[in-house]
Amino acid sequence: MFFLVICLSISYTQAQEIFISNTSNRTCTSLNGKWQYVVDAYETGGMGGMPIFKNYEPKEKSDRVEYGFTSGRTLWVPGSWNIQKPELSYFEGSIWYRKTFNKENIAKDKRYFIYVGAANYKTTVSFNGKILGEHEGGFTPFSYEVTNLLQAKDNYVIIGVNNSREADYIPSKVTDWFNHGGITRDVKLIEVSKTFINNYFIALDKSTLHLKTKQIKGKIQLTGSELPEKVNVIIPELNINKEVTVNKDGDTEFKLDVKKLELWSPENPKLYDITLTAGDDKISDEIGFRTIETKGKQILLNGKPVFLKGICLHDENPLRKDRANNMEDAKLVLSWAQELGCNFLRLAHYPHQEKIVRLADKMGILLWEELPLYWGIQWGNPEVLKKAKAQYAEMINRDYNRASSIIWSVANETAPTEDRTKFLSELADYIRSIDDTRLISAACKKDQEADGHPDSVYTYNDPLMKKLDIISFNEYLGWYGGFPEECRNKSFKAGLEKPIIVTEFGGGALQGFHGDSLTRWSEEFQEYLYKESIAMFDKIDGLAGMTPWILVDFQSPLRQLPEIQDGWNRKGLISEKGYKKKAFFILKKYYETK
Ligand code: GCB
């Protein structure tokens, strides 16, 4: 039976067909809330000829069914399953979720989609007993159409989520963060017109930055069988209401002349209301316009040098111990970052919730975004490269229109083997081919030979760096090897005429634990390490920014020192309870001088 069920799901497997962006501004019914669930620890998908997605229930007293959804056993969506039930705290495997609902007033001239903001890691979506598809990747959104399956009464969505760690996944088997399983972001039923604008890409054309009349460039994608001839692009504040022609594939490209455009920046995070209409479809957004480029060793925002005062962040609300999944979670961490004096955040190590990117647009915080191309990836496996491209495309589709997002990173701390450099170079080319409005980087490492020489210069000759716009590296001198005062003897040589961002440094401290500056885990050790590290990095020729590791303590099963770590990586400048450690104020003071 096991094989039958698996084959069944594989034969129906398909990636999402249509990417639907900007779901927060579409007509939706939220499917968040309590979902019933069945644990499928042996990952059979259902025993005895009864796949779970078929929703079998005994009708006669003699009927045999060996699973069941019950209202007495529920998980909250969105949310990590691990934090909701003690018996699931370290669970890795499959859980099937079910939600039933009625849908009055189904409109004949509309289409309906089930949208999942993110589910970690592999997800099988079924609706009223039919498998719609399988999605891989724990942090990006996807949708499946249900127009022909939707009923007025007793609909059931059954979603199977599997968070096993496998060698050919992204990330691979070991990560320094918690493997939160489940449906971790919003689920919605989206209602759209028969033919609708599923996505669009609107940005300032960087070649017109210095002209008096600048140009906004755009692409709009329509989906449906009755394509209208025209789409209207409306930006009231710029007096724009322009009709653009749709080609036979439902795409359209346009350029709009604009005078007196206020550019988006951290100091002035100006967003324009934009509406697109096509036939009876209409979608609105708020979009900022900026350019980001490099010139020699500088990063230029709107043509002017910018120093990126940053910090790294995981997508977790430490107070709730859950994956971040709402605006309050986003506000909490962004307000801490602002208090620290940041204008930049590295969203490590995977796509964070869309709401934080939207809030960063409003608050004027620049972002670095990345995929979990992290330790142990199978670089030589072409299937893994395909997955990386698919997940990158989903992230770009989701965030292209966000001015705050300025850097795509292709990897974190990866050894420069031939396979890895080939893989990441191809990925960088792919990203450039779909998005020329951002810079590309990767958090790299120093040359191996440079390690272990107390007075040496750290050198950087990773061949991938040639492909990147910005050289970035992680460096833990004083924590993983050496003492903080060794920072005084170090210098850095990257050799390329490119800007440099130090993407990680730091060390652990238990908030409230005190000692002298040599006492590991004390706030004083971390404070001293920050002082020495900042002084060292500040001398780098071409330093264009830094993102120390990390804003807040985060959960990681790798960190098991009793009474100090207890499952938390303690390199945060803020504890999991929200209290600031001494090093917070060292970095804040430094950023005040920049
Ligand atoms: C790193 C990794 C990061 C870890 C961090 C640490 O280099 O990029 O994911 O959490 O070090 O705390 O060791």
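The lining of the second largest cavity in this predicted model divides into 6 nonpolar, 7 polar and 3 charged residues. Altogether 16 residues line this cavity, and those nearest its centre are N120, Y121, R165, P171 and N179. The space inside the second largest cavity comes to about 120 Å³. Empty space of this kind can be pictured with a simple idea: rolling a probe the size of a water molecule over the atoms shows where such space is left.

A search of the whole structure finds 8 cavities of 30 Å³ or more. The largest cavity holds about 140 Å³ of space. It has 18 lining residues, and I202, A203, L204, R290 and T437 are the closest to its centre. By type, the lining of the largest cavity divides into 8 nonpolar, 4 polar and 6 charged residues. Strand β13, which covers residues 196-204, gives the largest share of this lining, with 3 residues. Where in the structure does the largest cavity lie? Residues from domain 2 (210-288) and from domain 3 (294-593) both take part in its lining, so the largest cavity lies between these two domains.

Two helices can be followed in some detail, beginning with α4. At the start of α4, a side-chain oxygen of N381 comes to within 2.9 Å of the backbone nitrogen of E383. Most of α4 is covered, with 13 of its 18 residues buried.

Helix α6 can be checked with the same ruler. Its 16 residues should span 22 Å at 1.5 Å a residue, and the C-alpha atoms at its ends are 22 Å apart, which agrees. F525 has a relative accessibility of 1%, and since buried means under 20%, F525 counts as buried. Along the chain F525 is 299 residues from E226, and the C-alpha atoms of the two are separated by 66 Å.

I235 and I274 are 39 residues apart along the chain, while 4.8 Å separates their C-alpha atoms. I235 counts as buried because its relative accessibility is 1%. Another strand residue, T223, is found in β14, which covers residues 214-223. With a relative accessible area of 15%, T223 is buried, because that value is under the 20% cut-off. The side chain of T223 makes a polar contact with the side chain of N198, at 2.8 Å.

The backbone also has some features that stand out against a general rule: most residues other than glycine have a negative phi, and most peptide bonds are trans. Which residues does a cis peptide bond with omega of about 5 degrees join? That bond joins V77 and P78, and P78 is found in the loop between β3 (74-77) and β4 (94-101). The peptide bond from W549 to I550 is cis too, with omega near 20 degrees. I550 sits in the loop between β34 (543-546) and β35 (554-555).

K321 is not a glycine, yet it has a positive phi of about 65 degrees. The loop between β24 (316-317) and β25 (322-323) contains K321. Its relative accessible area of 39% means that K321 is partly exposed. E563, also not a glycine, has a positive phi of about 70 degrees. This residue is found in the loop between β35 and β36 (568-569). Is E563 buried or exposed? At 67% relative accessibility, E563 counts as exposed, because exposed means over 50%.

Methods: Residues numbered from 1 in each chain as written. Predicted model: local features only at pLDDT ≥ 70, side-chain atom pairs only at ≥ 80, totals over all residues. Heavy atoms only, no water. Buried < 20%, exposed > 50% of the residue type's maximum accessible area, 1.4 Å probe, protein only. Helix = DSSP H or I, 4+ residues; strand = E, 2+ residues; numbered from the N terminus. Polar contact = N/O pair within 3.5 Å; in protein donor to acceptor, adjacent residues only side chain to side chain. 1 Å grid on protein atoms, 1.4 Å probe; cavity = no way out; pocket = protein on both sides within 12 Å on 5 of 7 lines; lining within 4 Å. Points joined across faces, edges and corners; volume = space filled by probe spheres on them. Nonpolar A, V, L, I, M, F, W, Y, C, P; charged D, E, K, R; others polar. Domains from an automatic or database assignment. Expected span 1.5 Å × (residues − 1).
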